[in-house]
Structures are given as structure tokens and as C-alpha cells.
Amino acid sequence: MAQRSRYGVLLAVVLVFGALAAWSLPKLTLQNQLTVFFPPAETADQAVLFDSLKQSLNQDRSQQPLMVSVQLPLSVNVTPNDAAAISQTLAAVLRDQSWVAGVRNAPSPVSAWNQAPLREYRYLLTDFDLEALPSRLDDLWQAWQMGLVLDKATALSDPTQQWFRYLGQSRVQQAVPSVAGVWGETTPSSDEQPEFIQLLFLVTFKPAALASHLQAVEPVLRAALVKSGVPEVDRVGVKIAVSNVAWIAQQARHDIEQDVKWLSVIATLLVLGFLFWTFRRPLWVFLSFVPLAAGTLLGALTVQTVFGSIEAMTLALGVVLIGVAVDYPIHALAALRQSPQQAWRNWPVIRLGALSSLVGLGSLMWLGIPGVQQMGLFAAVGLLTALGMTRFMLWVLSPVTSIPTAVKMADTDPALATVRDGWKWMGLTALVLAVLWWKPIVWQDDLASLSPVPPSLLQQDADLRQAFRQPEASQFLLVPADSMQTLLQRQEALSAGLAQLKTDGIIQGWLGLSDWLPSLQRQAQRLSALPSADALNSALAKSDTPLQSKHFQSFVQSVQASSTLPLLDWPRFETLALDWQQALLPTLVTETANGVVGKILLQGVTRSASLADWSEAQGVLYFNQRSLVAESVTQLRWELAWGLFGLLWVFVLGLRLATASFAQAWRILLPVVFGLGLSLASLSVFGQAVTVFHLLAGFLVVAIGLDYSLFARQARQQAQASQEVPQRDDAMSSVTIALMTTILTFGCLLWTSIPILVAIGQTLVVGVIWVYLLARWQNRV
């Protein structure tokens, strides 16, 4: 086939891939779920804990309000009343938005609580103590005399304050601070920022508008500052912060997408410039990226097809593939620059390195971890595609399709390891061990080591939760049950033990669904224990206060009316629950295929070990997010470490089939093994904590490093066959070019704000440099 016809075929293939990309890429479903990188559960209890962890981290909380903070600097002498007026103006502007369902910027008035339909059930929701009634009346009269009773009718209808007792035990967090009747507080000045007033808002969205308008809150508030009366000169100093689970997920996804875009652009430009400077042929430079683009496209589409979506971190692996897939055309073109025959002679080495890398990265699919499986599938399909496209390019560029000489790797190695070389490798082993003894590897097993969310977003969310007095529920008890009533009874049975834990200082407080909704059995007991009207009137008559029994007829009637109410079951409670209860109900109870699982939220846990022992004795599960994540990460770390170990043995067996002996196979792998070990030792020396993603990047170091070692061995054999050093330098040029493109690509990862990408970049940059140096040192002539 004529050369021009081959170029026509190449152009047609490129156009087909371009059309496929234009049609399919907008249809990709991008996800950002942290728990897909966790190992699978091994026991039933662990499965329940993992499900709870996934719910707490990945739950679609479309009804969770957006926390908003507006910080007003006090340089213009803003008074509390001014701040309250500004808060009301900003809230009114937000309420006028078509996509806003509601805005709260002040505590609910007592009158609103007293009008709640749930109030009529107060005598079924709390214990009634007739003997304590006289002392309650005395307290009421004293408050009456001091002018503290603002709503006298309400006070007389509930002199035992059953309703306020219920409200007190219903709130799990402290009250949000207020300034002049609105949510906010004055923050004193510090070295980092001056004194300011922080105004707080909770914004709920209409369900259909959540995803599209999360980012619109801050611009609306900025525009509303004009109406609020804040002087123009001070609007620049106003700081607005927002956060909730949905916002963090959206922002993190946006940050990852932006980082991937600019990393792709910068890495591509750097590699393009370097390759153009090396090859001086624009067509070759362009063709160097065809295998990468095709591999990234087909890898993403395959993951989307198999898993139904693609993780943001898996897509970020496309940037990493630049440094792997681009090596194949570089090796081929560097050999083609010498002669077409040399390109075809090198093809078996390129193929062996690519297939070995495919096996290495594809082995991630066998770890049973969905996120890692996506990465393995993405890499395997991408590398296989890149290899096929490189072979296609050779067919297009080279008029020679076959050569008379053998293309297999040499069966003999004239430079097998000598005793002196053995001592050098043993010395290097001792050096690595000494470095690790001096600076042991510090493993980072907390949640931050797995999170793709930049630390700044996590800190902003923590600051807002602190401002709203809503600490993250990261420790709780899990109580499984076959029905809702069984769950409530089990939680009620635990209340005495929880009270003792609080007395012992092991916890500071707790909240479970049974604190809000007693079981039907408990309600029936309270109903039967309510006094009759005569007993109530008799007790009221004994009061020493001027208040007489006739003043409390509404109280007597409400107690008697309780006996006519139907018992409060779960469906009715869901409709009558108060606003803060509605927000927490999805957290406190989860319906499953086998029944329900309830959570008892814990506050101020001081002794986790004691709490774990108590939980085990009670037959409930203690969920400690930090320890659970640490255990999961540790398990994942060991699985990756064993995966790397198994991968090296697979490479040994594979290389044995392509070489004369196991000795040669091990000799090829020595630079790779030591390069990986030295990269981890180097990170330890510089004080870098090592995460599972450093280990995951180790698979890439092995895959790339094997190519370096194979081609360094090939270069040495060519140099020994010809005894011409310049020919050796030409043969090693492709390895040097590949090294530079890898450093340029992965070096960009070090400048991102995403911890996972930084970890991958650190391991790869350091690792490939060590492998390259060791491969050249081992294969010196």
C-alpha cells in the first residue's frame, strides 16, 4: 500500500476517534464517592458499619440546609442592631429567589413551638410525676412574680413544663448563638484577622434546583449587600463562606475537573515542546499523542459502560496515563529515527513492556475494591489501546513491515551479574534498610489520606459546623432491629447504661430516636399512669400559691385529652416532627431489607476503648469513623502491598518466558524493585507521610520502570554486539526521552490542591528517576 494511502487511513482513524469523543464525553457520569476506595466488608457487622460510613460520607442529602456565614468587619462600627438589620435584608433577598425553599437566620420563637401539633402528645412523650406537681407550681408562681412568664395562658396549660422538658431532651446540639435576635456572634480580633460580626443562615433549596444553584448563593449575597446598607468601601472586606455535604461534593468535583484540565493542558504543552525539540518533526510529535488520546477515550468509555459511572479520581488517571502511554510511540519513533529495521527490531521489547504494564495495572481489578477496580480497568484498556495504536503508527510511518532477523529478545545475556555486582546490590539493600531504620515510614491512615477534597474545603466546613454548634456525627451506636417498635424498645433498654456512661465521664451525651419517639409500649404505660381529673384537682388544691385549681382547667383538660389520643406511631411522628427533628431523622434511622437500623449519636466520647467494651456487652455496634477508616485503610494498604509483591512474581514468570533464565528475569526487575523501595525511603527521609495512594502509584512505577529496564538491557546488548558506544547512546535515547516526559507530566501533579494526585505525583517522579539511574548503572557497558 502506498505511503500516502496509509496516511489517509491514519487520518480516517483520527477523525473517527474525534467524532466518538465529541459524542460520548459529554455523556460521562462523573462521581466523587470516597467509599468506593474502601475494601469490601468481611463480616456482617463490618458490612453494617461500612454501610453507615457510606451513608454518612456519600448520602444524597438534598434536604440538608446549606450553612452560610457572612462576616462583617467592625472597622465601620457596625452595631449589633445594624448587623441584625443587615441579616434580615440578606435573608429577604434569598427568600425572593425562585430556587430557594426557605431561609432561617434566627431562633424559632417560643410561640411557634407552643403551636406545634406534636405538643398535644407531650404527656405520652415524657413521664408525668404527680408528686412533683406542688413544687412545679411553686416554681411557676416565683417566675410569675418576677415577670418571667410572658405567655400566662400557655404557662397555666402546662405548669409541669412537660413540653419544654421534651424540647430540651430533643436537641442534640447547643443553641446557635444570637446577636440582637438573629443568628450570629462577635469574633474578637487576632493576628490573622480583625474583629468582625459573623451572621449565620440556613438555606434550603427546592429539590430540582439544588445542583444548579448551590454556587449561586454567594453572588446573590454579594449583590444584596448593596441593599443592606454596607458601605461600598467595606464590601470588599466582607467574607462569605458556605458548606454542606452536597456543596463540598460539587466543589471537590469542580476542583478535580479544573485541576485535571489545566494539568492536561500544561503537561501536554510541556511534553509537546520537549518532543518537538527532540524529534524536530511536527507529524511525529502529533502522532505521539494519538495512542494516549485513543487510550484515554476508550478507557473512560469502558469504565462508564461497566460501572455505570466514572469516579473523578479515575478520570484524573488519564493525566497519569500521559506519562505511560506516550512512552510507547516515543520508543518506536526514537528507533525509527535510526532506521525502519531498528524500529521493528525494538517492537517486541515495546510489546513486552506494554503487556507487562497492562498486567500490572490490570491486576488492580482483582483487589475487589470498586474505585481501584475502575482505575485498573481504565489503565488496562487505555494501555492496550495505546499499544495497538503505536503498532498502527509503525505500519503507517515505516515502509518496512518485516525484517529478516529474529525479533525475539536475546536468549543469552553476555553481561550476567558478576560477584562484584552482587555485592553492590547487597550494599544498596543495606543502605535502603539503614535509611528506613533511621527514618521509618510514617503511614497516614486517617480519612484525609483518602479524601480527594482539598484541606481548605474541609476546614471551611468544620468552621461552619462549629459556628452552628453542630459537630460532625462521627461516633455513634448502631442498633439493628427487625421492626421500628423493636428498635425503640432496644434503645429504651440502653438508656440506663448510657446514663451511667455519662456519669462515669465516658460520654457527655447521646441522642437516639427513642428520645424523641417512645415505643408504643412505653406510651401505653405512661397513658395508664396519668392521674384522673379528680386526682389532679386535688393536687392543685393543695398548692400554697395564690393560683387556684380553676386557673389550671386547661391543664386538667389537656391531661384528660391525652387519654383519647391514638398512640403516636412512626408514620404519624414523621409528619408531626419538629424542624430540627425532620433534619436528623434520616440520620437516626435507616430502613433496610431486613428491618431497620437506628443510630444513637454520641457526644464528647473520652474513652473509646471503654465504650467499645460496653457496646459489645450490650450487643450493639460502636461506630467510630476515625478508627473504622484507619482499619479500612490499613487493610487496603496490606492488600496493595501483597498485590505489588504478587505482581513482581508475575513479572518474573513472564520475563522468564521471554529470556533464558530466572536469573535474567530477576536482573531486569532489580532496578524496578530497588527504585520503588528507594522512592518510599526518599519520601520518608523528607518527612512525607505515606498513604495508600503512594502504594497505588507504586504499580505505575513498576509498570513504567519495567520499560526502562527492558530498553536499558536492549541498549547494552546492542552496544556489546557492535562495540560502538554512540550506538548505545542512540538506543538509550528513547529511555531518556520517556523519563523526561514522565517527569514533566507527573511533576505537574505536585502543584495541585488534591492530596491524592500529589501523592501519586510524588511517588512517580521520585520512583522513575531512581529506576532510570539504577537501570543505566546496571546496564553500563
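Mentor: Phenylalanine 645 is partly exposed, with a relative accessible area of 46%. The model is predicted, and that value, like the others here, is computed from it. Tryptophan 649 also counts as partly exposed, at 42% relative accessibility. In general, an α-helix has 3.6 residues a turn, so residues three or four places apart point the same way. The ring centres of phenylalanine 645 and tryptophan 649 are 6.5 Å apart and the planes stand at 70°; since an angle over 60 degrees counts as edge-to-face, the pair is edge-to-face. Both residues belong to one aromatic cluster, formed by Trp642, Phe645, Trp649 and Trp666.

The count of aromatic pairs comes to 15. One of them is the pair of tryptophan 99 and phenylalanine 205, with ring centres 5.7 Å apart and planes at 15°, so this pair is stacked. Tryptophan 99 lies in the loop between helix 3 (80–95) and strand 3 (100–104), while phenylalanine 205 lies in strand 6 (residues 196–205); the pair links distant parts of the chain, 106 residues apart. Tryptophan 99 counts as buried at 7% relative accessibility, and phenylalanine 205 is buried with a relative accessible area of 3%. Another tryptophan has a charge over its ring: the charged end of lysine 439 sits over tryptophan 438, 5.5 Å from the ring centre.

The largest nonpolar core has 96 residues, and Leu275, Leu655, Val702, Tyr708 and Leu764 are the ones that touch the most other members. Helix 29 (residues 692–722) gives the most to this core, with 17 residues. The contacts of tyrosine 708, leaving out residues up to four places away in sequence, are Asp327, Val735, Ala738, Leu739, Thr742, Val768, Val771, Tyr772 and Ala775. A second, separate core of 49 residues includes Leu478, Ala577, Leu601 and Leu611.

Helix 31 (residues 755–778) can be checked for length and burial. With 24 residues at 1.5 Å a residue, helix 31 should span 34 Å, and its end C-alpha atoms are 34 Å apart, which agrees. Of those 24 residues, 17 are buried, so helix 31 is largely enclosed by the rest of the structure.

Strand 12 (residues 595–603) is also largely enclosed by the rest of the structure, because eight of its nine residues are buried. Strand 9 (residues 475–481) pairs with strand 12 in the antiparallel sense over six bridges, and leucine 478 stands opposite lysine 599 of strand 12. Leucine 478 is also among the members of the second core. Strand 10 (residues 509–511) pairs with strand 12 in the antiparallel sense over three bridges; here glycine 509 has glutamine 603 as its bridge partner. Strand 11 (residues 589–592) pairs with strand 12 over four bridges, again in the antiparallel sense, with valine 589 opposite glycine 598. A hairpin of two residues joins strand 11 to strand 12.

Methods
Residues numbered from 1 in each chain as written. Predicted model: local features only at pLDDT ≥ 70, side-chain atom pairs only at ≥ 80, totals over all residues. Heavy atoms only, no water. Expected span 1.5 Å × (residues − 1). Buried < 20%, exposed > 50% of the residue type's maximum accessible area, 1.4 Å probe, protein only. Pairing = 2+ DSSP bridges. Core = buried A, V, L, I, M, F, W, Y, C linked by side-chain atoms within 4.5 Å. Contact = heavy atoms within 4.5 Å. Phe/Tyr/Trp six-rings, centres within 6.5 Å; stacked < 30°, edge-to-face > 60°. Lys NZ or Arg CZ within 6 Å of the ring centre and 35° of its normal.
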